[in-house]
Amino acid sequence: MRIKRLTVAGFGPYKNEQHVDFERFRDDGLFLITGKTGAGKSSILDAICYALYGSIPRYDNAQQKLRSDYCTPDDPTFVELVFSVNGTEYQVRRSPEFERPKARGVGTTLQKPTAVLSQRSEAGGADAGAGGSRTDDSDWVGVAARPVDVGHELDRVLGLTKDQFLQVILLAQNRFQEFLLSKNDDRQAVLRSLFGTRRFDHIETTLVERRKALAAELESAREKLEQQASQVRTLLDAAVGPATGDDAANATNATNALNTSAPTLSWFEAALAAIDEQLDAATLMAEEADAAFDAADATVRALVDIQRLQIRRDGAAATLGELDANRDGIEADRRALAAAHRAAVVWPHLVARQNAEAARDAALTEEEEAREAFEPFAAESSATPAELASPTESLAATIDELTRTIGTLDTVRADERRLPTLLQEVESLQRRVGDIQGELEEASARSVAVPAQIDDVAAELTEAQIAAAAQQAATEKINRLTVARDAARSAIALETQHREALTAETDASGEHSTAAALIHDLMRRRLAGHAAELAAELQPGEACSVCGSPAHPAPATAQAEPVTADDVERARSAADVRRGEMDAAHERVLHAATALAEARAAAAGKTVDELDAELIDARAALAEATTAARSVAALEARHEALRGELEGAAVHLTALRDEKETAAATLAEVEHTCADIRTRIARYRGAFESVAGRASWLQDALAAATSFAAALRSTQSARSAYASAAAALTEQLREQGFVTEDDVAVARRTSAEMAALDARITLHDQARSTALSILAEPEIVGLPAEPVELEGPTARLADARAARDAALRERSVVAERQGQLARIVAKVRDESAASAQLQEEYAQLHELASVVQGKDPNTKRMRLETYVLAAQLEEIVASANIRLRAMTSGRYALEHDDSVQYRNTQSGLGLTILDQHTGRARATNSLSGGETFLASLALALGLAEVVTNQAGGITLDTLFVDEGFGSLDSDTLEIAMGTLDSLRAGGRTIGLISHVDAMKEQIPAKLRIIVTDRGYSEIQAG
């Protein structure tokens, strides 16, 4: 993997866009990143780590604030990194989360983090390889465009986690010394993240959890077995029933033996055998009791049958005696029922004769009433008294004549009813003709006046249209004047702001000058007291860092209060703040001046009063044009209405003339019809006032004649029916043996009475026949005369039934408990086999889990994951010792310490340092500062080599080392530089971050980080 180019903007101390081309250091192989403390040297490595992993190591446990504090709201913030892996170039660009101005309105909004990963196309890669670097955007092909997708793709491409990257490529400040000096647990955490051995910890956890689960299962099986044993004891105690003698003693002894022994599979099988014996005994007792009950039951049943037959015989004899005593009454009922049947035949004829007589009398009465009603009308006709006495033929002729006359008057009566309506229609038509004539005169006058009105409205419309045309121009003028007036008002306020900004800029410039003078004074005083500051650091017997002499005969002394580097740095920081304030004040002056000039230009050089006066005139002109525009619509509508009215008037005149002619013709026709109807009425009404009066009298006469004729026919029919009914009644009396109608009435019975007589007779006959049949049955004829005795046999049957039921219940209870116990024993057999397997598995798993946890029988007390990591650590130590021996001239070598620690502390990942001068190993924290750096550097390089091999053999073409060189003396620094210089073999590029002067002299290729006067940093190559 090779880091090629880096671009940052708005990131950390870098406000403006900065470019770093690491390829320019490829020939040198070793370059130095230098600058003042806090300038932003480590921020370059932060940017590389952020581009690849979305976070930086210095903020792992804190909120990451990546956007530069020097950025203005519109400045961008991004990191863009170009790198190559196995010959393929990639470009990743990330932007962190930060506040940006809203696109609409005021204020800010949260800009979400973005990330884009691209891969150089094959054609672009070939061109870049032939002619150097290329930055044409068309060469790049998009791979992912969301932060989460970019992260997944980079994981696949890099093959290194962030922790691995920081250990093998980007050795961040102080991180590689931590690994050397850390404790067993801390070193394990680092190695776990680098080599991904958490799966072995998961294996250990899984084994322990499985062991606990098996222990819980075994304990659950034991508790379940005890519960099942308790159930069996309960069943055995309850199953010992009413057995007597040897059986009871044997059952009790078996139960006691089971209660005092521990439950095993054989124990459960013995319990099942004991209850099987109890079930056999209970079954035998139940069979014997059932046979005794069957014998007693058969005896009682035979005696009950005899008793039943005796009761039936005695009942039939008693019933027969009662029936013979009531024989005379039954015979009388037989005679009455026969007479009632004969009367029932005659009774309908008797009722028919009575009804016919009543109908005849009613018809005679109606005939007389109809005669009296018709006599007044007969006086007006030609009927004589003799005809009325026998009026059948004359009434028919009279009815025919009345009907014809009424029919003739129907049409005349209809015309008589219609005449008032026709007269009203004549009056209405006369009025309508007069109204139409008035409308004709009015419409003629209107058709003459409308043309003049149309001409007047057309002239007004033309004038209004001309005035309304100026409305748009007036509106535009008002808008222009309003904008100019607002600008004139703004110019007044901006003049004040401009004056205030000039004053603030003058004050800020003065404060900045004061701060710069203070820096100059402090630097002069520091240089003057530098010798005293060096003298203060001298220690008796130690070499001077200037002359190298261990003797210090005349150390310099301070003449005044010494000035420290922190004092100078604080003064510079204050000066930077003042410079920023001065620049900000200058920006405000420029902004105010620009805004003032724009406002004056927008106001066209006019004052607010002048623009207000012009606005008043423009608004008046707009009001006149608006009024004219509103009147245009009204006048257009009026003009169209008048034209429509003129056209409608001509049509209306024609319609009125046609309507008048039609109304006049209709009036003449209706008047003629009225005269004709009056003539016909006079001819047909006769002596009556109207035709309707005459027709009403004729209708009454016709009704009276019709009723009289119908009454005559009814009387004749009723007389004939009465004669027929009387003859039929006489014949039935003779046939049924009755002398008079009263005899029939006496013999007659109602249907209910006849049914009661018949039922009483039938019941008597059936009861007597049944009693005789019972007494003649063969099984009754030979019965003993004395009743049988049942009390003793019934008592013996009850005792046998109780004994049988008790035996059956006991057998059922024992059988139920035997079934429950059999199911329990079958389940225990299955569970015993499973528990044996569980016990064997638990024993094996318990020993295995203890071993991987570092417990007995693991004498090393080394856990599984630690054991795996210890093997990796041995490789790392072997690789590190190759460089450490070279850097220390063979004096020091790292050793892997897997000895058992005290107080049950986990072991396996310890490190010690072997000193060849003493031949003994000692703790790593006993090394001096320079020795610690060399050992840490060797360990970091060894770790990088092993991790690289573990990651699939990734070639590490770029390496960064951040700080640590300031603690080395010149000889040790030279050794460290030689070691780092050897890493350039094979085209590797090494970047060092330091401010040590000796390294600046030895390494010509540099990246300088400078701090500008405004406080933010910039990167310079050279």
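**Figure 1. Phe-83 and Tyr-90, a buried aromatic pair.** Phe-83 and Tyr-90 are both buried (buried means under 20% relative accessible area, exposed over 50%, partly exposed in between, with a 1.4 Å probe and protein chains only). This is a predicted model, in which local features need pLDDT of at least 70 and side-chain atom pairs count only at pLDDT 80 or more, while totals for chains, interfaces and linings use all residues. Residues are numbered from 1 along each chain as its sequence is written, and side-chain values use heavy atoms, with hydrogens and water left out. A search of the whole structure finds eight aromatic pairs. Rings of Phe, Tyr and Trp (its six-membered ring) pair if their centres lie within 6.5 Å; planes under 30 degrees apart are stacked, over 60 edge-to-face, and the rest tilted. The ring centres of Phe-83 and Tyr-90 are 5.6 Å apart and the planes meet at 25°, so this pair is stacked.

Figure 2. Trp-267 and Phe-268 are both buried. Their ring planes stand at 85° with the centres 4.9 Å apart, so the pair is edge-to-face. One aromatic cluster is formed by Phe-22, Phe-25, Phe-31 and Phe-960.

**Figure 3. Charged side chains over the rings of Phe-78 and Tyr-1016.** Arg-93 lies over the face of Phe-78, at 3.7 Å from the ring centre. The charged end of Lys-15 sits over the ring of Tyr-1016, 5.8 Å from its centre. A charge sits over a ring if NZ of Lys or CZ of Arg is within 6 Å of the ring centre and within 35 degrees of the ring normal.

**Figure 4. The salt bridge between Asp-1013 and Arg-579.** The closest N and O atoms of Asp-1013 and Arg-579 are 3.4 Å apart. The pair links distant parts of the chain, 434 residues apart: Asp-1013 is in the loop between strand E16 (1006–1011) and strand E17 (1017–1021), and Arg-579 is in helix H15 (residues 565–602). Helices (H or I, at least four residues) and strands (E, at least two) are DSSP runs, numbered from the N terminus. Asp-1013 is exposed, at 51% relative accessible area, whereas Arg-579 is partly exposed at 21%. A salt bridge is a side-chain nitrogen of Lys or Arg within 4 Å of a carboxyl oxygen of Asp or Glu. The structure holds 36 salt bridges.

Figure 5. Glu-23 and Arg-26 are joined by a salt bridge at 3.2 Å, N to O. Glu-23 is partly exposed, with 22% relative accessibility, and Arg-26 is partly exposed as well, with 41%. A network of salt bridges links Lys-4, Arg-5, Glu-89, Arg-120 and Asp-139.

Figure 6. H17 has 46 residues, and its first and last C-alpha atoms are 68 Å apart, close to the 68 Å expected at 1.5 Å a residue. The expected span of a helix is 1.5 Å times one less than its number of residues. Arg-734 and Glu-731 form a salt bridge, 2.2 Å from N to O. Because these two residues are three apart in helix H17 (residues 691–736), about one helical turn separates Arg-734 from Glu-731. Arg-734 is exposed, with a relative accessible area of 56%; Glu-731 is partly exposed, at 34%. Just after H17, Gly-737 takes a positive phi of about 85°.

**Figure 7. Helix H19 and its buried residues.** The 25 residues of helix H19 (residues 751–775) should span 36 Å at 1.5 Å a residue, which agrees with the 36 Å between its end C-alpha atoms. Buried in H19 are Met-754, Leu-757, Ile-761, His-764, Ala-771 and Ile-774.

Figure 8. Val-426 lies in helix H12 (residues 392–468) and is buried, with a relative accessible area of 11%. Leaving aside neighbours within four places in sequence, Val-426 is in contact with Leu-667, Val-670, Glu-671 and Cys-674 (contact means heavy atoms within 4.5 Å). Val-426 and Ala-668 are 242 residues apart in sequence and 8.6 Å apart in space, C-alpha to C-alpha.

**Figure 9. Cys-49 and Cys-71.** Cys-49 is buried at 0% relative accessibility, and Cys-71 is buried at 14%. The structure holds zero disulfides, a disulfide being a pair of cysteine sulfur atoms within 2.5 Å.
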